Every structure is written in C-alpha cells, then in structure tokens.
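Visitor: I would like to learn how to read the packing, the charged pairs and the backbone of a model such as this one. Could we take the features in turn, with the general idea before the particular case?

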Amino acid sequence: MAVLESEPVDTLLQIAQLRFEVSLVNDATVNHAAKRAELFGLIEKNNMLPMYEMVCEQLGVAVDEGKRSAMAAANAERLQKIEESIKDAEENLGDSEIRDGLVARAEFFYSIGDKDKAIEAIAKAEEKTVAVGQKLDLVFFLLRLGLTFSDYKLIREKIDRAKTLIDEGGDWEKRNRLKAYEGAFRLIRRDFTGAATLFLDTLATFTSFELLDMRTFVLVHRCHVALLAGSR
C-alpha cells in the first residue's frame, strides 16, 4: 500500500524523537553516532541555542563556544527585526498587525526551543487574538511544546482548553487535529484503548502532519496501538 506524502514533522518533535533514540545507549539496533550527528545538525541548522545547551548537558558533551556565539548572534538579529516590526505596528498600524508581530515573536521562541519564553509569548499573542481558529493554532503550539518537553501538566491543560474553544466554534479540521494530539498523549500515558479510539476516528482524514508523518501514524500508532488495545 502506498503511503501518502506529507509535510515534515515539526522540528521540535523530530528533536524530541532523536533525543530519545540517542538515550537508548544499550540498544544495539540504534546507530547512536548517526543519530547524534543528526540531532546536533538539526539543532545547529535552526540556531536552537536553548535546545543546544540542554542537549549538551543531557549527553555530557562540552558546549562549543564558537557555535554558541554564532547561534546567539543569529537569534539576536532575528529577534531584533521582530521587535522592530512590533514597535512599528504599535505606533503606525492596527491590532491585526500587532498580533502578527506577537505571533512572529512566539514562533521565534518556539522555533529555537525556548520553552518558557515561547509560552509567555504565546500568551501575549492570544490576548490580541479574537478568532477561535487562530486561538486554537496557538494552543496546538503549546501542545507540541508539552510533547517535546514531556510536560504532561501543560498538555492536559491545553487539551482541555482546546476542547473548550472547539465547543465555542472550532471547525471540523481543528476538532480532528485535536483527536490526533490527544491520541498521542494517551499513548504516552499508556492509555492504549483511548489512543486507539482517537486514532481510528482520525485515520480517514488525518491532517496533523506536523505531529506525525503518515507512515508513522498508520503503521505504528494506528496498527500497533490497535493490536495492544483490541480484544482477542
């Protein structure tokens, strides 16, 4: 059976998977050197300084000061442009443009793996957000942060928040995406029956490619979880 092509999985979630794989030091099936190179390559490509420092500590690797300085400079330049656009919007434009700037700031902190600053920036962006669909997009950012950093409290809170927003007027696509996110969380928590039910509901119309690629969703999460959860 051909597997549908999809957009790349979110970079933070790719890194979370790689961090898990390189931690399996006793697993002979994992090419640890290749996985470690892939992990650091992805981090450096995206100037993810906070993530770089965290992974170095996790793996007991010395921080390369040259790489740290280069990433810090690139991030400072990028953030300065965003702050300038927010200031211009506040002085010369309207709420829509201000919100766009605040979302850009949130996306920046998210993209470099700065969890705390991303959460703070997303909260400020939501203050300027009116549309339910746009609010849900911000909640999905927070859910991916929770999955990346194994923050189960954050995930539970934001799943509840997303359900409330969907009841207020979220569309079918957002409702379907939330089922995939909640299914992934239930799988982590070993609620295989709950995960299988949610994955089954989204199978025919799965669109959460930022969360899982289609091959992983169909062959691993849907089929394997169903085997674990299903009755004989």
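Visitor: Which residues in the largest nonpolar core touch the most other members?

Guide: A word on the basis comes before that: this is a predicted model, in which local features need pLDDT of at least 70 and side-chain atom pairs count only at pLDDT 80 or more, while totals for chains, interfaces and linings use all residues. Residues are numbered from 1 along each chain as its sequence is written, and side-chain values use heavy atoms, with hydrogens and water left out. A nonpolar core is a set of buried Ala, Val, Leu, Ile, Met, Phe, Trp, Tyr and Cys residues joined through side-chain atoms within 4.5 Å, where buried means under 20% relative accessible area, exposed means over 50%, and partly exposed lies in between (1.4 Å probe, protein chains only). Here the largest core has 37 residues, and L39, I43, M51 and L145 are the ones that touch the most other members. At least two residues of this core come from each of α1 (11-22), α2 (32-45), α3 (49-59), α4 (65-92), α5 (95-111), α6 (115-127) and α7 (132-148), and the largest share, 7 residues, is supplied by α5. The helices named here are DSSP runs (H or I, at least four residues; strands would be E, at least two), numbered from the N terminus.

Visitor: Which residues does M51 touch?

Guide: Contact means heavy atoms within 4.5 Å. Not counting residues up to four places away in sequence, M51 touches L12, I15, R19, I43, I112, G113, T148 and F149.

Visitor: What separates K124 and E120 along their helix?

Guide: K124 and E120 are 4 residues apart in helix α6, so about one helical turn separates them, and their side chains meet in a salt bridge with an N to O distance of 3.6 Å. Both residues count as partly exposed, K124 with a relative accessible area of 39% and E120 with 47%.

Visitor: Are E210 and R177 buried or exposed?

Guide: E210 counts as buried at 18% relative accessibility, and R177 counts as buried at 10%. Their side chains meet in a salt bridge of 3.0 Å, N to O. This pair links distant parts of the chain, 33 residues apart, with E210 in the loop between α10 (192-202) and α11 (214-229) and R177 in helix α9 (residues 172-188). Both residues belong to a network of salt bridges that links D137, E173, K174, R177 and E210.

Visitor: At what angle do α6 and α7 pack?

Guide: Axes are lines fitted to C-alpha atoms, for helices over the stretch in contact, and angles run from 0 to 180 degrees between N-to-C directions. Angles under 35 degrees count as roughly parallel, over 145 as roughly antiparallel, 65 to 115 as roughly perpendicular and the rest as oblique. For α6 and α7 the angle is about 170 degrees and the axes are 10 Å apart, and the two helices are therefore roughly antiparallel to each other. K115, A118, I119, I122, A125 and E126 of α6 make this contact with K135, L138, F141, L142 and L145 of α7.

Visitor: Which residues of α3 meet α4?

Guide: L49, Y52 and E53 in α3 meet K67, R68, M71, A72 and N75 in α4. The helices α3 and α4 pack at about 155 degrees with their axes 9 Å apart.

Visitor: What is the phi of N47?

Guide: Most residues other than glycine have a negative phi. Phi of N47, a residue other than glycine, is a positive value near 50 degrees, and N47 lies in the loop between α2 and α3. Phi of S150 is likewise positive, near 55 degrees, and S150 is found in the loop between α7 and α8 (152-169).

Technical notes: Salt bridge = Lys/Arg side-chain N within 4 Å of Asp/Glu carboxyl O.
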